[in-house]
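Dear colleague,

Please find below the sequence and the structure that I am handing over to you. A summary of the findings follows, and I would ask you to read it with the structure open.

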Amino acid sequence: MSFDYRDGALYAEQCSLSELASQYGTPLYVYSHQRILENWRQFAAHWPAPHKLCYAVKANSNLAVLNVLAQLGAGFDIVSGGELARVLAAGGKAQDVVFSGVAKSRAEMAYALEQGIYCFNVESAAELERLNEVAKAHGAAAPVSLRVNPDVDAQTHPYISTGLKSNKFGIAMAQAREVALRAQSLSHIKMQGLDCHIGSQILSPAPFLDAADLMLQLIEQLRGDGVAISHLDMGGGMGIPYQHESELDVSAYLLELQKRAARVGNLTLMLEPGRAIVGNAGVLLTRVEYHKPGVDKDFLLVDAGMNDLMRPALYQAYHDIIPVQQCEAGTSIVDVVGPVCETGDFLGHARHITANEGDLLAVMNAGAYGFTMSSNYNTRPRAAEVMVAGASAQVVRQRETLSELWKGEQIMEMPE
Ligand code: LLP
């Protein structure tokens, strides 16, 4: 375990979380280097070359996290020009990058072409035409995978379900053949593969494998039509337990995918895991400002809010919240809420936590879609981020200062 108690105090690897909080302040994101390595290796061990793993940058895009993964030989799944720039700044290679995203701009396409990415995951017929034009202007051929929407129900939260035909993502299965034939015929497009991503936080292999079967059928059909398909990218979506859910058996899923793909043959497989690599590798440390007895229930008012960790407010997501200094389990039930002026600003409802002003709490499994979704709402500087490796800890992002928050703003000069 990367986060566990020693003599009643919570540690990240060999570092005391209460010392980190004293040194760097709260709210504070703390990441475990070891946990990231182990999570990555769990995938890599069952994914022999030429199969590729492209870490989904949106889950946690801190340069230190990207650098750890680049050193492990990771590829990257990006959704913006900004994410590509981050990957390059962190030491990742453009040739290991796949570019997802429903509304790529011309400028983003041009930048990615100039950098020489591995492929564009194209999400519509219109995007394909635009990419062909941009590639033509660059005198290049754009490597392309078509994102197909297999219309399978991933049975996850509606906001993070992406593979239904009612979602905005990908090309409908019924139109895939037509778009693929068009791609094959365009002068500056090099058809390379197919991809899909059916949603996030999925804990059963069944929807992934249903989608894979549909994608493999389509590949056989397209190959019959003379379309060259050398890879299948099954996207991300592999979930982690946040509460009492049973874990997804990653190795079984990976092996079964390879078995099914082998029946079709000559196919490089790809995955884009995000949450599964960093989710349980991070915690958010927060300090209790007040304990406020209420009429029906008590509140713990803490110094981290929805602007620091948006998942509870946005998806009613559950995150374990535990004391950094263990204490006798109390009987009191509290809502753990933040300082932001919104009723939706909570980190946890109806929790058994006994804590008082000044105590530290750790919000668990906050490594994915934590800092990356944070904002400056209520003019709150974003939290600092620390990475721990064994007994050493290093700030990998400074806490924002107030003046940084209004950098670029200006008071309007009114005409006389
Ligand atoms: N590939 C594509 C094309 C994606 O859209 C995503 C995530 C991933 C890969 C990585 O998915 P993962 O392995 O992390 O599930 N903010 C939400 C999750 C949104 C996921 C969006 N797409 C949350 O906090 O639960």
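**Domains and the ligand shell**

The shell around the ligand takes at least three residues from each of two domains, namely domain 1 (3-30 + 279-405) and domain 2 (101-271). Please bear in mind throughout that this is a predicted model. The chain is divided into these two domains, and domain 1 itself is made of two stretches, 3-30 and 279-405. Taken over C-alpha atoms, the centres of domain 1 and domain 2 are separated by 36 Å.

Which residues come nearest to the ligand? Of the 21 residues around the ligand, these are Ala56, Ser200, Gly236, Gly274 and Tyr369. Sorted by class, the shell holds nine nonpolar, eight polar and four charged residues.

**Positions listed in the record**

An unreviewed UniProt entry lists Arg275, Arg311, Tyr315, Glu342 and Tyr369 under "binding site". These positions span 95 residues in sequence, and the farthest two C-alpha atoms are 26.9 Å apart, so the listed residues do not all gather at one spot.

**A pair of packed helices**

Two packed helices are described by the angle between their axes and the distance between the axes. Helix α7 (residues 173-185) packs against helix α8 (residues 205-224) at an angle of about 30°, and their axes are 11 Å apart. The crossing in which α7 passes α8 is right-handed. On the α7 side, the contact is made by Met173, Ala176, Arg177 and Ala180; on the α8 side, it is made by Leu214, Leu218, Gln221 and Leu222. By class, the residues of this contact comprise six nonpolar, one polar and one charged.

**Backbone details**

Most residues other than glycine have a negative phi, and most peptide bonds are trans.

- Thr26 and Pro27 are joined by a cis peptide bond, with omega about -5°. Pro27 is found in the loop between α1 (17-24) and β4 (28-32).
- A cis peptide bond also runs from Ala49 to Pro50, where omega is near 10°. Pro50 is placed in the loop between α2 (33-44) and β5 (52-56).
- Asp7 is not a glycine, yet Asp7 has a positive phi of about 50°. The loop between β1 (3-6) and β2 (9-12) is the place of Asp7.

With kind regards

Conventions
Residues numbered from 1 in each chain as written. Predicted model: local features only at pLDDT ≥ 70, side-chain atom pairs only at ≥ 80, totals over all residues. Axes fitted to C-alpha atoms, helices over the stretch in contact; angles between N-to-C directions. Helix = DSSP H or I, 4+ residues; strand = E, 2+ residues; numbered from the N terminus. Left-handed = near helix turned anticlockwise from the far one by under 90°. Contact = placed C-beta atoms within 7 Å. Nonpolar A, V, L, I, M, F, W, Y, C, P; charged D, E, K, R; others polar. Near = placed C-beta within 6 Å. Domains from an automatic or database assignment. UniProt positions renumbered as here; feature names shortened; annotations may be inferred.
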